[in-house]
Amino acid sequence: MPNYHFREIWTPLRWIQIRFYRDDADRLWVKRGKQRRQPLRKRDIDTTETLRDH
């Protein structure tokens with residue numbers, strides 16, 4: 001499991017418990033309520049997995 005360092009981006013949506021974060025690789029993540037953080041875009045989900053040797 002990779003380790004990430006997140007910075008929270010302040011938006012007014014924080015008042016309704018939707019928070020946005022940026023990680024080390026400058027990808028955007030979203031957290032809704034008490035759920036886990038998830039990459040905002042589908043292609044970011046694919047790049048978070050480990051790379052395999054081909």
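**Charged pairs and a nonpolar patch**

Trp15 is found in the loop between β1 (7-9) and β2 (18-22); strands here are DSSP runs of E with at least two residues, numbered from the N terminus. The structure is a predicted model, in which local features need pLDDT of at least 70 and side-chain atom pairs count only at pLDDT 80 or more, while totals for chains, interfaces and linings use all residues. Residues are numbered from 1 along each chain as its sequence is written, and side-chain values use heavy atoms, with hydrogens and water left out.

The relative accessible area of Trp15 is 68%, so this residue is classed as exposed (buried means under 20%, exposed over 50%, and partly exposed in between, with a 1.4 Å probe and protein chains only). Together with Trp10, Leu13 and Ile16, Trp15 makes a nonpolar surface patch of about 520 Å². Such a patch is made of residues with over 30% relative accessible area and no salt bridge; nonpolar side chains (Val, Leu, Ile, Met, Phe, Trp, Tyr) are joined within 5 Å, and like charges within 9 Å. The areas come from the Shrake-Rupley method with a 1.4 Å probe, and for residues only the protein chains shown count as cover.

Side chains of opposite charge can pair when their charged atoms come close. A salt bridge is defined as a side-chain nitrogen of Lys or Arg within 4 Å of a carboxyl oxygen of Asp or Glu, and by this rule the count comes to four. One of them links Glu8 and Arg14, with 3.1 Å between the closest N and O atoms. Glu8 lies in strand β1 and is partly exposed, because its relative accessible area is 36%. Arg14, at 32%, is also partly exposed. Not counting residues up to four places away in sequence, Glu8 touches Arg14, Arg19, Phe20 and Tyr21, where contact means heavy atoms within 4.5 Å. Between Glu8 and Trp29 there are 21 residues of separation in sequence and 9.3 Å in space, C-alpha to C-alpha.

A salt bridge is also formed by Arg27 and Asp23, at 3.1 Å from N to O. Arg27 is buried, with a relative accessible area of 16%, and Asp23 is buried at 2%. Arg22 is partly exposed at 28%, as is Asp26 at 49%.

Key: Helices (H or I, at least four residues) and strands (E, at least two) are DSSP runs, numbered from the N terminus.
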